[in-house]
Amino acid sequence: MDDHECFMGIALDEAGKALRSGEVPVGAVLVSDEGTVLATAHNCPIASCDPTAHAEIAVLRRASRVVGNYRLPGSTLYVTLEPCVMCLGAMIQARIRVLVFGASDPKGGAAGGVVDLTRIQAFNHYMEVIGGVRAAECADLLTGFFRTRRRKEEITGRGTEAAVTGSTRNRLVL
């Protein structure tokens, strides 16, 4: 198993944490240019009531606190799903050197799935992109999550984001 597969395994472990919490199972790990894990994170927008609480944003925030700098040059970000526009924009701002992702996202991916923000010449930073690392495992986790969620919708007759009140307002209803 090479380094990319090994670090993607850590990201998959993080995705499992998201899954067990009822979040979309996406996990991320940020590794320094020396090969040291700086931070790990998983999706938690539902639990945190924060639409920006994607795994990639969380791992960038944690790693930035660890190194004491919002720039993370030379680092490699591993994530189980191709990043969205918001997350890729944050990676550009953080000066990530390499992005490694597992499953492609043909509906929201910003590293080639829908758009490729990593190759826009007007930007002042570019990153190397490696996609498809342990893609089947990453995709299977997501597919299983959404399949289960759709089955629950059919049984309950409610959508996944049913309007509720009180302390559970804006929480995903499974």
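Lys-17 is partly exposed in the predicted model, with a relative accessible area of 38%. Its side chain forms a salt bridge with Glu-14, in which the closest N and O atoms are 2.9 Å apart. Glu-14, by contrast, is buried, at a relative accessible area of 5%. Both residues belong to helix α1, which covers residues 3–20. Because Lys-17 and Glu-14 are three residues apart in this helix, about one helical turn separates them. Side chains of opposite charge can pair when their charged atoms come close.

The structure holds three salt bridges, one of them being the pair of Lys-17 and Glu-14. Another is formed by Asp-50 and Arg-61, with 4.0 Å between the closest N and O atoms. This pair links distant parts of the chain, the two residues being 11 residues apart. Asp-50 is placed in the loop between α2 (45–48) and α3 (55–67), whereas Arg-61 is in helix α3 itself. Asp-50 has a relative accessibility of 22% and therefore counts as partly exposed, the limit for a buried residue being under 20%. Arg-61 is also partly exposed, at 42% relative accessibility. A salt bridge is also formed between Glu-137 and Arg-134, with the closest N and O atoms 2.8 Å apart. Glu-137 is partly exposed, its relative accessible area being 40%.

With regard to overall architecture, the protein chain has five helices and five strands. Their order along the sequence is α-β-β-α-α-β-α-β-β-α. The C-alpha trace spans about 50 × 35 × 30 Å along its principal axes. For 174 residues, a compact globule would have a radius of gyration near 16 Å, and the protein chain, at 16 Å, agrees with this value. Of these 174 residues, 44% count as buried.

Positive charge gathers in a surface patch made up of Lys-107, Arg-147, Arg-150 and Arg-151. Within this group, Arg-147 is placed in helix α5, which runs over residues 135–156. Arg-147 counts as partly exposed because its relative accessibility is 43%. Val-85 lies in helix α4, which comprises residues 85–94. At 49% relative accessibility, Val-85 counts as partly exposed, since a residue is classed as exposed when over 50%.

Leu-38 is found in strand β2, residues 37–42, and is buried, with a relative accessible area of 18%. Between Leu-38 and Met-127 there are 18 Å from C-alpha to C-alpha, and the two are 89 residues apart in sequence. Ser-75 occupies the loop between α3 and β3, the latter being residues 76–81. At 2% relative accessibility, Ser-75 counts as buried. A distance of 8.5 Å separates the C-alpha atoms of Ser-75 and Glu-34, which are 41 residues apart along the chain.

Most residues other than glycine have a negative phi. Cys-49 has a positive phi of about 50° although it is not a glycine. Arg-95 has a relative accessibility of 19% and so counts as buried, the cut-off being under 20%.

Definitions and conventions. Residues are numbered from 1 along each chain as its sequence is written. This is a predicted model: local features need pLDDT of at least 70, side-chain atom pairs count only at pLDDT 80 or more; totals for chains, interfaces and linings use all residues. Side-chain values use heavy atoms; hydrogens and water are left out. Patches are made of residues with over 30% relative accessible area and no salt bridge: like charges are joined within 9 Å, nonpolar side chains (Val, Leu, Ile, Met, Phe, Trp, Tyr) within 5 Å. Accessible areas come from the Shrake-Rupley method with a 1.4 Å probe; for residues, only the protein chains shown count as cover. Lys and Arg count as positive and Asp and Glu as negative; His and the chain ends are not counted. The place of a charge is taken as NZ of Lys, CZ of Arg, CG of Asp or CD of Glu. Helices (H or I, at least four residues) and strands (E, at least two) are DSSP runs, numbered from the N terminus. Buried means under 20% relative accessible area, exposed over 50%, partly exposed in between (1.4 Å probe, protein chains only). The radius of gyration is taken over C-alpha atoms; the globule rule is 2.2 Å times the number of residues to the power 0.38.
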